[in-house]
Amino acid sequence: MATYHYDESGNMAAYFVITFLAFILIPLTFSTLFKKRKETLNGCQCGPCIQSRSQSAKMEGTQFTKKYVRGSPRRVMCSNRACRHLILALGWSLFFFLVHRVANATNDSKMYDPFEILGISVGMSEKDIKSHFKKLSKLYHPDKVRATAEQTIEDIQNKFVDITKAYKSLTDETIRRNWEEWGDPDGRQQMSMGIALPIWIIEGKNNIWVLGVYGLLFGGGLPVLVGRWWFGSRQRTKDGISAHSAAAFFKSMTESSEIVDAMGILAKAYKFECTPANKDAAELTRLQKEIATLPEAKWAETVMELAGDDDEGKRRALILLLAHLLRFKVESPALKKEQRRVLLHTPTLLNALLTIATSRNWFVPTMSVMRLHAYIIQALLPTQSPLAQLPDVKPVEVPRVGDVSQIISKLTENSDARAADIKKAAEKWGIVDVFDASFKVIDERQVTPSAIVFLVVKLRLVSPLSNEALVKVEDLDPIDVKVNDRKDYKFLNDRKDTEDLSDVTPSYAHAPYWPSNRKPSWWIVLADPKSSRLAIPPMKISDVPSISDLPSSRPYRSYKIQFQAPPTLGTNNWRVYVVSDSFVGAEAWLPITLKVEEPVVRDEAEDDISEPDEDTLAGQMAMMKGGKVKRTLGEEEESDDESGTDDDANDDDDSSSDSD
């Protein structure tokens, strides 16, 4: 039976903690010091965008984050990188402290070995042991060894006592045999196992403290953590918003909700997402008064009426959001941080609102929410010109409808310095172009009821400054068409929804007023505008390549959506919309028709099993059963010859009878 003992010196526990820390600190250190840098995106090179990215980098490095849960704000006062470095510093400090302690600890558990003390090997005879002991006695006897500074009289005496004890233990035959066989003078011993816990943990005087710590950890801390996780997950939806916000979205949205309605519905969620603050009330009042004095005040008032004014947190968030859309400068640093939090949380709310709209297959609300993304990113009201997205261009300076090249020409004539930045921004302000859109069924030429269909959309980005004629489907070379058909078929059988391209360089969008870097994305929407219904749920895509980055033989990138065809026959006249989430007005649509037809029935002559030949075994069996068989070619010719001979004979008989 094994016996157990605890670690009195604490060295075993230190070894356990060192091993545990090494398993955590080494991978964490490598991942921190040799962390792979994020993919560097080529952003817009206009002056406002460069300045905005610089400010975003500073804010992301020092800005604290806040959880949008009403009543329980949690702030992290340092960035993730700083926290990681702090954890590493504390962890390695503890690691080296324990290593130093273990390295300098005295080993009290050294095993007593008489063979090692006498300097002899196991199995030496008793005579040789006595002879060796006499030699050691002459060398280490206290009367023959002089004390020095390094070796005192007590050390000399202890050394001789150890030699004498070892000699006496080995001169006894039984004890010497036990030492040689079992390593113990008493023979075979029970197994002894050590537990890497300091002995003070199980001492009776510390029982109350140890039990108290265990009770706090497992009786209090663990249930609190599990409870917070459980009830917190119940209060949040899978889209990351409050359940109350989702309920408000569900109740407020209608089939005819437009952008202004979507804005008002969005503002209702701030009541549950934002914790009210009482800071800088005067600055907030100033912003509200400035909003009321603008020509766009009527639109802002409509939004505030739809949202309601029953909550202070909602009112603050809505004013800050409207100030962003109107491009007002916020002076207060605290309000700037609050506005940043509101803006960065808004896309999450919009995505949840979009999920509700698409789940009901409502076309108008879906398009309104998608377009609202771009208006908020570009800090524009729906009543303002899309040309105001250009850097340093105010909405009052540009017409409601116009061309970017005309704006640049006008500014260049007036020697306006903004023309250079506008040219740089136009390079990253890609307008999506639908090269082609079609319905495909694998290995089939027609769409049958309830068949698995793929909507294949081929897209590219076109610069608003480009004057070159776009390559269309009919302009491609026949050889390139065949090669593209093979690639399209391979992509159709692939599991990915996006075609693989090796030369696509992702980039940040032109968004100088957005408080963070913005990677542009698009939605592909298939809908029936007559019935205002979505045909299938939309798909979000990214990394649409510019036409300048694509080869002339294949000037597009393919995307596909899989869905099931309608169960009834008929012709469905739909539209494919491609809507941007970062650029206002940079969208396209294309009419498309899905024709659901009856499956083609093959001709019976093609489906019948061919008749067996007459001279085969199957033919003989068929003839016995009265079935049809194919006659061989030789027999048919022979029968024709025989019939011809008979006819000739009959003709001869007739001629002879006439002569008579």
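**Contacts, a helix pair and a strand**

Modeller: Of the contacts (heavy atoms within 4.5 Å) in the protein with a separation of 6 or more, 70% are between residues 24 or more positions apart. This is a predicted model, where local features need pLDDT of at least 70, side-chain atom pairs count only at pLDDT 80 or more, and totals for chains, interfaces and linings use all residues. Residues are numbered from 1 along each chain as its sequence is written, and side-chain values use heavy atoms, without hydrogens and water.

Colleague: How are H10 and H13 oriented to each other?

Modeller: Helices here are DSSP runs of H or I with at least four residues, and strands are E runs of at least two, numbered from the N terminus. The axes, lines fitted to C-alpha atoms over the stretch in contact, with angles from 0 to 180 degrees between N-to-C directions, come within 8 Å for H10 (residues 259-268) and H13 (residues 297-307) and cross at roughly 45 degrees. Angles under 35 degrees count as roughly parallel, over 145 as roughly antiparallel, 65 to 115 as roughly perpendicular and the rest as oblique. H10 and H13 are therefore oblique.

Colleague: Which residue in E9 is the bridge partner of Trp522?

Modeller: Strand E7 (residues 521-528) runs antiparallel to E9, joined by 4 bridges; strands pair if DSSP finds at least two bridges between them. The partner of Trp522 in E9 is Ile541.
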